[in-house]
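Trainee: I have a new structure open and I'd like to learn how to read it. Could you walk me through a few features?

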Amino acid sequence: MPDRGFPRPAALRSGEVNLVAHVLEICDRIDAEDSVIQALLPEPARRERLTREAGVLLDRFPDPAQRPPLFGLLVGVKDFFRVDGFPTKAGSKLPAELFEGVESDVVTRLKQKGALVAGKTVTTEFAYFQPGPTRNPHNPEHTPGGSSSGSAAGVAAGFFPLALGTQTIGSVIRPAAFCGIIGFKPSYDRIHTSGMLFFSKSVDHAGLFSQNVATMRLACSALCDGWDDRKSGPPQGLPALAVPAGPYLEEAEETGLQHFEETLDRLAAEGFRIERVPFFPDYAELNRRHRRLTAVEVAEVHKDWYKEHSDLYSIHMHEIMRNGATVSDEERDDIRADQLRLRHAMEAALLSSGADLWIAPAAPGPAPHGIHATGNPIMNLPWTNAGVPALSIPTGEAENGLPLAVQFCAPFGADERLLAWGEAIEAQVRG
(Lines give C-alpha, C1' and ligand atoms only; values in the text may rest on other atoms or scores of the structure.)
Protein backbone atom coordinates (compact mmCIF):
# COMPACT_ATOMS: atom_id res chain seq x y z
CA MET A 1 0.00 0.00 0.00
CA PRO A 2 1.45 3.44 -0.87
CA ASP A 3 2.55 5.82 1.86
CA ARG A 4 -0.44 7.94 2.83
CA GLY A 5 1.13 10.35 5.29
CA PHE A 6 -0.58 13.61 6.20
CA PRO A 7 0.96 17.00 6.84
CA ARG A 8 1.95 17.62 10.44
CA PRO A 9 -0.86 19.34 12.40
CA ALA A 10 1.56 22.23 13.00
CA ALA A 11 1.88 22.71 9.22
CA LEU A 12 -1.89 23.13 8.93
CA ARG A 13 -2.00 25.56 11.85
CA SER A 14 0.85 27.69 10.51
CA GLY A 15 -0.52 27.86 6.98
CA GLU A 16 2.55 26.13 5.58
CA VAL A 17 0.02 23.74 4.03
CA ASN A 18 -2.93 25.40 2.27
CA LEU A 19 -6.00 24.04 4.04
CA VAL A 20 -8.46 24.29 1.14
CA ALA A 21 -6.01 22.68 -1.28
CA HIS A 22 -5.39 19.90 1.26
CA VAL A 23 -9.12 19.28 1.66
CA LEU A 24 -9.60 19.09 -2.10
CA GLU A 25 -6.69 16.66 -2.45
CA ILE A 26 -8.22 14.35 0.15
CA CYS A 27 -11.64 14.59 -1.49
CA ASP A 28 -10.03 13.54 -4.77
CA ARG A 29 -8.52 10.53 -3.01
CA ILE A 30 -11.82 9.55 -1.43
CA ASP A 31 -13.65 9.91 -4.75
CA ALA A 32 -11.05 7.75 -6.51
CA GLU A 33 -10.67 4.99 -3.95
CA ASP A 34 -13.54 4.70 -1.48
CA SER A 35 -15.72 2.87 -3.98
CA VAL A 36 -13.44 -0.11 -3.23
CA ILE A 37 -12.61 0.45 0.46
CA GLN A 38 -16.10 1.71 1.44
CA ALA A 39 -14.90 3.26 4.68
CA LEU A 40 -17.22 6.28 4.54
CA LEU A 41 -20.97 6.45 4.36
CA PRO A 42 -22.09 8.12 1.11
CA GLU A 43 -22.33 11.92 1.11
CA PRO A 44 -23.02 13.42 -2.33
CA ALA A 45 -21.90 16.98 -1.49
CA ARG A 46 -18.92 16.12 0.73
CA ARG A 47 -16.46 18.20 -1.30
CA GLU A 48 -18.64 21.30 -1.25
CA ARG A 49 -19.36 20.98 2.47
CA LEU A 50 -15.73 20.48 3.46
CA THR A 51 -14.51 23.31 1.24
CA ARG A 52 -17.09 25.62 2.80
CA GLU A 53 -16.22 24.53 6.34
CA ALA A 54 -12.50 24.96 5.66
CA GLY A 55 -13.19 28.53 4.50
CA VAL A 56 -15.22 29.26 7.62
CA LEU A 57 -12.40 27.92 9.78
CA LEU A 58 -9.85 30.12 8.04
CA ASP A 59 -12.09 33.17 8.47
CA ARG A 60 -12.63 32.35 12.12
CA PHE A 61 -8.91 31.97 12.86
CA PRO A 62 -6.99 34.26 10.47
CA ASP A 63 -4.02 34.49 12.84
CA PRO A 64 -1.99 31.24 12.82
CA ALA A 65 -0.79 31.95 16.35
CA GLN A 66 -4.39 31.82 17.61
CA ARG A 67 -5.40 28.63 15.84
CA PRO A 68 -6.54 25.66 17.99
CA PRO A 69 -4.45 22.46 18.21
CA LEU A 70 -6.49 20.38 15.74
CA PHE A 71 -6.92 23.18 13.19
CA GLY A 72 -7.90 21.72 9.82
CA LEU A 73 -7.42 18.09 10.89
CA LEU A 74 -9.85 15.84 9.00
CA VAL A 75 -11.63 13.32 11.24
CA GLY A 76 -13.72 10.28 10.41
CA VAL A 77 -16.59 9.66 12.85
CA LYS A 78 -17.97 6.18 13.45
CA ASP A 79 -21.70 6.10 12.82
CA PHE A 80 -22.26 5.44 16.52
CA PHE A 81 -21.75 9.11 17.42
CA ARG A 82 -24.30 11.82 16.71
CA VAL A 83 -23.02 14.59 14.44
CA ASP A 84 -25.12 17.65 13.69
CA GLY A 85 -26.22 17.58 10.05
CA PHE A 86 -25.71 13.83 9.65
CA PRO A 87 -28.20 11.01 10.22
CA THR A 88 -27.20 8.29 12.70
CA LYS A 89 -28.03 4.70 11.74
CA ALA A 90 -25.43 2.68 13.68
CA GLY A 91 -25.00 0.33 10.74
CA SER A 92 -28.59 -0.86 11.15
CA LYS A 93 -31.82 -0.94 9.16
CA LEU A 94 -33.76 0.88 11.85
CA PRO A 95 -35.19 4.38 11.18
CA ALA A 96 -32.64 7.12 11.83
CA GLU A 97 -35.25 9.12 13.77
CA LEU A 98 -34.89 6.67 16.67
CA PHE A 99 -31.32 7.82 17.25
CA GLU A 100 -31.77 11.58 16.96
CA GLY A 101 -30.47 13.76 19.77
CA VAL A 102 -27.80 16.17 20.90
CA GLU A 103 -24.43 15.98 19.12
CA SER A 104 -21.88 13.77 20.82
CA ASP A 105 -19.71 15.63 23.29
CA VAL A 106 -16.50 14.29 21.73
CA VAL A 107 -17.57 15.48 18.25
CA THR A 108 -18.34 18.95 19.58
CA ARG A 109 -14.94 19.04 21.28
CA LEU A 110 -13.22 18.04 18.05
CA LYS A 111 -14.92 20.89 16.21
CA GLN A 112 -14.06 23.36 18.97
CA LYS A 113 -10.42 22.32 18.67
CA GLY A 114 -10.48 23.04 14.93
CA ALA A 115 -11.11 19.61 13.42
CA LEU A 116 -13.22 19.11 10.29
CA VAL A 117 -15.57 16.11 10.09
CA ALA A 118 -14.61 14.25 6.91
CA GLY A 119 -17.77 12.17 7.22
CA LYS A 120 -19.50 9.33 9.00
CA THR A 121 -17.69 5.99 8.83
CA VAL A 122 -19.14 2.52 8.40
CA THR A 123 -19.76 0.41 11.50
CA THR A 124 -21.04 -3.10 11.95
CA GLU A 125 -24.71 -3.26 12.95
CA PHE A 126 -25.00 -1.65 16.39
CA ALA A 127 -21.22 -2.11 16.83
CA TYR A 128 -21.68 -5.89 17.03
CA PHE A 129 -20.85 -8.73 14.64
CA GLN A 130 -22.94 -8.11 11.49
CA PRO A 131 -20.30 -6.55 9.18
CA GLY A 132 -20.72 -3.70 6.75
CA PRO A 133 -19.12 -3.47 3.28
CA THR A 134 -15.75 -2.02 4.37
CA ARG A 135 -12.57 -3.73 3.16
CA ASN A 136 -8.99 -3.76 4.39
CA PRO A 137 -6.87 -1.21 2.44
CA HIS A 138 -3.86 -3.56 2.58
CA ASN A 139 -5.84 -6.25 0.75
CA PRO A 140 -9.53 -5.72 -0.11
CA GLU A 141 -10.12 -9.46 0.08
CA HIS A 142 -9.63 -9.28 3.87
CA THR A 143 -11.65 -7.77 6.70
CA PRO A 144 -10.57 -4.46 8.26
CA GLY A 145 -11.89 -5.73 11.58
CA GLY A 146 -14.84 -4.35 13.47
CA SER A 147 -16.89 -2.84 14.73
CA SER A 148 -15.09 0.43 13.96
CA SER A 149 -14.29 -0.86 10.50
CA GLY A 150 -14.71 2.32 8.46
CA SER A 151 -12.74 4.46 10.90
CA ALA A 152 -9.74 2.12 10.88
CA ALA A 153 -9.80 1.52 7.13
CA GLY A 154 -10.20 5.23 6.41
CA VAL A 155 -7.12 6.17 8.43
CA ALA A 156 -5.12 3.37 6.81
CA ALA A 157 -6.27 4.41 3.32
CA GLY A 158 -5.29 8.04 3.92
CA PHE A 159 -8.78 9.51 3.90
CA PHE A 160 -8.26 11.24 7.27
CA PRO A 161 -5.43 11.21 9.84
CA LEU A 162 -7.73 10.74 12.85
CA ALA A 163 -10.95 8.86 13.46
CA LEU A 164 -13.38 8.06 16.26
CA GLY A 165 -14.35 4.52 17.19
CA THR A 166 -15.88 2.62 20.07
CA GLN A 167 -14.79 -0.54 21.87
CA THR A 168 -16.92 -3.04 23.78
CA ILE A 169 -14.48 -5.94 23.43
CA GLY A 170 -11.92 -5.18 20.71
CA SER A 171 -13.52 -2.75 18.28
CA VAL A 172 -10.69 -0.20 18.28
CA ILE A 173 -7.54 -2.18 19.01
CA ARG A 174 -8.36 -5.11 16.70
CA PRO A 175 -9.17 -3.10 13.52
CA ALA A 176 -6.16 -0.88 14.21
CA ALA A 177 -4.01 -4.03 14.26
CA PHE A 178 -5.59 -5.45 11.11
CA CYS A 179 -5.16 -2.15 9.23
CA GLY A 180 -1.62 -1.39 10.41
CA ILE A 181 -2.32 1.89 12.22
CA ILE A 182 -2.33 3.26 15.77
CA GLY A 183 -5.36 2.47 17.90
CA PHE A 184 -5.98 3.85 21.38
CA LYS A 185 -8.66 2.92 23.88
CA PRO A 186 -8.36 5.29 26.84
CA SER A 187 -9.28 4.53 30.42
CA TYR A 188 -13.00 3.90 30.82
CA ASP A 189 -14.99 7.15 30.45
CA ARG A 190 -11.82 9.25 29.99
CA ILE A 191 -13.42 10.47 26.77
CA HIS A 192 -17.00 11.47 27.48
CA THR A 193 -19.60 9.24 25.85
CA SER A 194 -22.61 11.57 26.04
CA GLY A 195 -24.32 11.67 22.66
CA MET A 196 -22.81 8.31 21.71
CA LEU A 197 -25.03 5.30 21.20
CA PHE A 198 -24.36 2.38 23.51
CA PHE A 199 -23.98 -1.34 23.15
CA SER A 200 -23.00 -2.14 26.74
CA LYS A 201 -22.74 0.85 29.07
CA SER A 202 -20.46 -0.80 31.62
CA VAL A 203 -17.71 -1.50 29.10
CA ASP A 204 -18.24 0.78 26.09
CA HIS A 205 -15.29 3.11 25.46
CA ALA A 206 -14.86 5.93 22.98
CA GLY A 207 -11.50 5.46 21.25
CA LEU A 208 -9.35 6.81 18.44
CA PHE A 209 -7.34 5.82 15.37
CA SER A 210 -4.35 7.68 13.93
CA GLN A 211 -1.35 7.10 11.70
CA ASN A 212 1.20 7.79 14.46
CA VAL A 213 1.39 8.14 18.23
CA ALA A 214 2.26 11.87 18.06
CA THR A 215 -1.10 12.65 16.44
CA MET A 216 -2.82 10.40 18.98
CA ARG A 217 -1.22 12.29 21.88
CA LEU A 218 -2.27 15.62 20.40
CA ALA A 219 -5.87 14.45 19.96
CA CYS A 220 -6.07 12.92 23.43
CA SER A 221 -4.73 16.08 25.04
CA ALA A 222 -7.73 17.85 23.51
CA LEU A 223 -10.35 15.17 24.14
CA CYS A 224 -9.51 13.22 27.29
CA ASP A 225 -11.12 14.51 30.45
CA GLY A 226 -8.61 15.96 32.92
CA TRP A 227 -5.61 15.58 30.63
CA ASP A 228 -2.45 16.69 32.41
CA ASP A 229 0.60 17.37 30.26
CA ARG A 230 2.81 17.13 33.32
CA LYS A 231 2.06 13.41 33.39
CA SER A 232 2.86 13.01 29.70
CA GLY A 233 6.35 14.46 29.64
CA PRO A 234 9.26 12.26 28.55
CA PRO A 235 9.39 9.39 31.08
CA GLN A 236 12.73 8.40 32.56
CA GLY A 237 14.18 5.35 30.85
CA LEU A 238 12.35 2.59 29.04
CA PRO A 239 9.29 0.93 30.54
CA ALA A 240 9.55 -2.59 31.92
CA LEU A 241 6.99 -4.80 30.16
CA ALA A 242 4.90 -7.59 31.67
CA VAL A 243 3.77 -10.50 29.51
CA PRO A 244 0.54 -12.12 30.82
CA ALA A 245 1.71 -15.73 30.71
CA GLY A 246 -0.89 -18.50 30.72
CA PRO A 247 -4.18 -19.39 29.02
CA TYR A 248 -4.75 -15.89 27.66
CA LEU A 249 -1.76 -16.03 25.30
CA GLU A 250 -2.88 -19.43 24.08
CA GLU A 251 -5.79 -17.66 22.36
CA ALA A 252 -3.38 -16.20 19.79
CA GLU A 253 -2.87 -17.94 16.47
CA GLU A 254 0.48 -19.52 15.69
CA THR A 255 1.45 -16.70 13.32
CA GLY A 256 0.45 -14.03 15.81
CA LEU A 257 2.16 -15.70 18.76
CA GLN A 258 5.38 -16.27 16.84
CA HIS A 259 5.46 -12.63 15.79
CA PHE A 260 4.72 -11.55 19.35
CA GLU A 261 7.71 -13.52 20.66
CA GLU A 262 9.91 -12.04 17.93
CA THR A 263 8.76 -8.56 18.95
CA LEU A 264 9.64 -9.32 22.58
CA ASP A 265 13.12 -10.34 21.45
CA ARG A 266 13.51 -7.10 19.50
CA LEU A 267 12.44 -5.04 22.49
CA ALA A 268 14.75 -6.94 24.83
CA ALA A 269 17.64 -6.29 22.43
CA GLU A 270 16.82 -2.56 22.60
CA GLY A 271 17.06 -2.56 26.39
CA PHE A 272 13.46 -3.15 27.46
CA ARG A 273 13.13 -5.44 30.50
CA ILE A 274 10.60 -8.20 29.85
CA GLU A 275 8.87 -9.97 32.75
CA ARG A 276 6.64 -13.00 32.29
CA VAL A 277 3.85 -12.74 34.83
CA PRO A 278 1.33 -15.57 35.26
CA PHE A 279 -2.09 -13.97 34.91
CA PHE A 280 -5.67 -14.65 33.79
CA PRO A 281 -5.57 -18.23 35.16
CA ASP A 282 -9.27 -18.77 34.30
CA TYR A 283 -9.44 -16.79 31.11
CA ALA A 284 -12.32 -18.80 29.66
CA GLU A 285 -14.52 -17.81 32.58
CA LEU A 286 -13.56 -14.13 32.26
CA ASN A 287 -14.47 -14.30 28.58
CA ARG A 288 -17.82 -15.94 29.35
CA ARG A 289 -18.77 -13.43 32.03
CA HIS A 290 -17.82 -10.40 29.93
CA ARG A 291 -20.07 -11.63 27.15
CA ARG A 292 -22.90 -12.29 29.60
CA LEU A 293 -22.60 -8.71 30.83
CA THR A 294 -22.65 -7.23 27.34
CA ALA A 295 -25.65 -9.41 26.42
CA VAL A 296 -27.83 -8.24 29.30
CA GLU A 297 -26.84 -4.62 28.79
CA VAL A 298 -27.49 -4.59 25.05
CA ALA A 299 -30.88 -6.12 25.78
CA GLU A 300 -31.58 -3.21 28.13
CA VAL A 301 -30.47 -0.61 25.55
CA HIS A 302 -32.55 -2.12 22.75
CA LYS A 303 -35.62 -3.23 24.73
CA ASP A 304 -38.08 -0.72 23.27
CA TRP A 305 -36.57 -0.59 19.77
CA TYR A 306 -36.58 -4.37 19.56
CA LYS A 307 -40.27 -4.61 20.47
CA GLU A 308 -41.15 -2.27 17.63
CA HIS A 309 -38.61 -3.29 14.96
CA SER A 310 -37.41 -6.83 15.69
CA ASP A 311 -37.80 -7.79 12.03
CA LEU A 312 -35.07 -5.26 11.11
CA TYR A 313 -32.41 -6.83 13.36
CA SER A 314 -29.80 -9.33 12.13
CA ILE A 315 -29.48 -12.90 13.34
CA HIS A 316 -26.49 -11.85 15.47
CA MET A 317 -28.58 -9.30 17.33
CA HIS A 318 -31.47 -11.72 17.76
CA GLU A 319 -29.07 -14.16 19.39
CA ILE A 320 -27.53 -11.71 21.83
CA MET A 321 -30.95 -10.34 22.79
CA ARG A 322 -32.05 -13.89 23.66
CA ASN A 323 -28.89 -14.46 25.69
CA GLY A 324 -29.35 -11.19 27.52
CA ALA A 325 -32.80 -12.26 28.67
CA THR A 326 -31.21 -15.18 30.58
CA VAL A 327 -28.99 -12.95 32.75
CA SER A 328 -30.45 -12.00 36.13
CA ASP A 329 -29.95 -8.61 37.78
CA GLU A 330 -27.90 -10.34 40.47
CA GLU A 331 -25.55 -11.95 37.94
CA ARG A 332 -25.18 -8.65 36.09
CA ASP A 333 -24.27 -6.76 39.27
CA ASP A 334 -21.80 -9.44 40.29
CA ILE A 335 -20.00 -9.25 36.93
CA ARG A 336 -19.86 -5.47 37.17
CA ALA A 337 -18.20 -5.78 40.58
CA ASP A 338 -15.68 -8.19 39.06
CA GLN A 339 -14.55 -5.47 36.66
CA LEU A 340 -13.06 -3.44 39.49
CA ARG A 341 -11.55 -6.52 41.09
CA LEU A 342 -9.81 -7.37 37.80
CA ARG A 343 -8.53 -3.80 37.45
CA HIS A 344 -7.03 -3.88 40.93
CA ALA A 345 -5.50 -7.32 40.32
CA MET A 346 -3.85 -6.04 37.13
CA GLU A 347 -2.33 -3.12 39.00
CA ALA A 348 -1.14 -5.32 41.87
CA ALA A 349 0.49 -7.79 39.46
CA LEU A 350 2.33 -4.99 37.65
CA LEU A 351 3.51 -3.52 40.93
CA SER A 352 4.77 -6.81 42.33
CA SER A 353 6.60 -7.66 39.09
CA GLY A 354 8.27 -4.25 38.90
CA ALA A 355 6.83 -3.74 35.40
CA ASP A 356 5.27 -0.55 34.07
CA LEU A 357 3.08 -1.76 31.22
CA TRP A 358 1.45 -4.95 30.04
CA ILE A 359 2.33 -6.15 26.55
CA ALA A 360 0.24 -8.60 24.49
CA PRO A 361 -0.76 -9.38 20.91
CA ALA A 362 -3.23 -6.79 19.63
CA ALA A 363 -5.12 -9.49 17.70
CA PRO A 364 -4.81 -13.28 17.38
CA GLY A 365 -3.05 -12.87 14.02
CA PRO A 366 -3.41 -10.98 10.74
CA ALA A 367 -6.81 -10.00 9.33
CA PRO A 368 -8.78 -13.09 8.23
CA HIS A 369 -9.75 -13.56 4.60
CA GLY A 370 -13.20 -12.39 3.57
CA ILE A 371 -15.49 -9.64 4.85
CA HIS A 372 -18.30 -11.87 6.13
CA ALA A 373 -16.84 -11.65 9.66
CA THR A 374 -14.61 -9.15 11.47
CA GLY A 375 -12.15 -11.40 13.30
CA ASN A 376 -11.80 -12.53 16.89
CA PRO A 377 -11.56 -9.80 19.61
CA ILE A 378 -10.41 -12.25 22.28
CA MET A 379 -6.98 -10.63 22.84
CA ASN A 380 -8.62 -7.30 23.74
CA LEU A 381 -11.35 -8.50 26.07
CA PRO A 382 -9.63 -8.40 29.51
CA TRP A 383 -8.25 -4.88 29.10
CA THR A 384 -11.66 -3.60 28.01
CA ASN A 385 -13.38 -5.40 30.85
CA ALA A 386 -11.08 -3.74 33.37
CA GLY A 387 -11.34 -0.34 31.65
CA VAL A 388 -7.58 0.23 31.46
CA PRO A 389 -5.94 2.19 28.61
CA ALA A 390 -4.67 0.17 25.64
CA LEU A 391 -2.46 1.25 22.73
CA SER A 392 -1.98 -0.78 19.54
CA ILE A 393 1.21 -0.23 17.54
CA PRO A 394 2.02 -1.95 14.21
CA THR A 395 5.08 -4.18 14.59
CA GLY A 396 5.45 -5.96 11.25
CA GLU A 397 3.76 -8.06 8.61
CA ALA A 398 2.67 -11.65 8.17
CA GLU A 399 3.97 -13.65 5.21
CA ASN A 400 0.91 -12.59 3.21
CA GLY A 401 1.82 -8.92 3.69
CA LEU A 402 -0.97 -8.09 6.13
CA PRO A 403 -0.12 -6.07 9.25
CA LEU A 404 0.59 -7.48 12.69
CA ALA A 405 0.57 -5.47 15.90
CA VAL A 406 1.20 -5.50 19.63
CA GLN A 407 -0.84 -3.75 22.31
CA PHE A 408 0.46 -2.04 25.44
CA CYS A 409 -1.76 -1.53 28.47
CA ALA A 410 -1.22 0.73 31.48
CA PRO A 411 -2.88 1.03 34.88
CA PHE A 412 -6.22 2.83 34.98
CA GLY A 413 -5.82 6.57 34.52
CA ALA A 414 -2.22 6.38 33.26
CA ASP A 415 -3.18 7.38 29.70
CA GLU A 416 -0.69 10.24 29.53
CA ARG A 417 2.23 8.05 30.53
CA LEU A 418 1.19 5.24 28.17
CA LEU A 419 1.13 7.56 25.16
CA ALA A 420 4.38 9.23 26.17
CA TRP A 421 6.08 5.83 26.31
CA GLY A 422 4.18 4.88 23.16
CA GLU A 423 6.21 7.30 21.06
CA ALA A 424 9.46 5.75 22.26
CA ILE A 425 8.12 2.25 21.69
CA GLU A 426 6.82 3.16 18.23
CA ALA A 427 10.31 4.28 17.21
CA GLN A 428 11.67 0.85 18.09
CA VAL A 429 9.01 -1.54 16.78
CA ARG A 430 6.96 0.17 14.07
CA GLY A 431 6.48 -2.31 11.27
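**Reading around one arginine**

Mentor: Let's start with Arg 336, which is partly exposed because its relative accessibility is 30%. Buried means under 20% relative accessible area, exposed over 50%, and partly exposed in between, using a 1.4 Å probe and protein chains only. Keep in mind that this is a predicted model, where local features need pLDDT of at least 70, side-chain atom pairs count only at pLDDT 80 or more, and totals for chains, interfaces and linings use all residues. Residues are numbered from 1 along each chain as its sequence is written, and side-chain values use heavy atoms, with hydrogens and water left out.

Trainee: In which helix is Arg 336 found?

Mentor: Look at helix H11, residues 329-353. Helices here are DSSP runs (H or I, at least four residues), numbered from the N terminus.

Trainee: And which residues does Arg 336 touch?

Mentor: Contact means heavy atoms within 4.5 Å. Leaving out residues up to four places away in sequence, Arg 336 touches Ser 202, Leu 293, Glu 297 and Glu 300.

Trainee: How do I read a salt bridge?

Mentor: Side chains of opposite charge can pair when their charged atoms come close. The cut-off is a side-chain nitrogen of Lys or Arg within 4 Å of a carboxyl oxygen of Asp or Glu. Arg 336 has such a bridge with Asp 333, with the closest N and O atoms 3.7 Å apart. Both sit in helix H11, three residues apart, about one turn of the helix. Asp 333 is partly exposed, with a relative accessible area of 39%.

Trainee: Which residues are linked with Arg 336 in a network of salt bridges?

Mentor: The network links Arg 336 with Glu 297, Glu 300, Asp 329, Arg 332 and Asp 333. The structure holds 27 salt bridges.

Trainee: Where do Arg 289 and Asp 338 lie?

Mentor: Those two side chains meet in a salt bridge of 2.7 Å, N to O. The pair links distant parts of the chain, with Arg 289 in helix H9 (residues 283-309) and Asp 338 in helix H11, 49 residues apart. Arg 289 is buried at 14% relative accessible area, while Asp 338 is partly exposed at 25% relative accessibility.

Trainee: Is Glu 103 buried or exposed?

Mentor: Glu 103 counts as buried, at 9% relative accessibility. Its side chain meets that of Lys 111 in a salt bridge (2.6 Å, N to O), and Lys 111 is partly exposed at 29% relative accessibility.

Terms used: Helix = DSSP H or I, 4+ residues; strand = E, 2+ residues; numbered from the N terminus.
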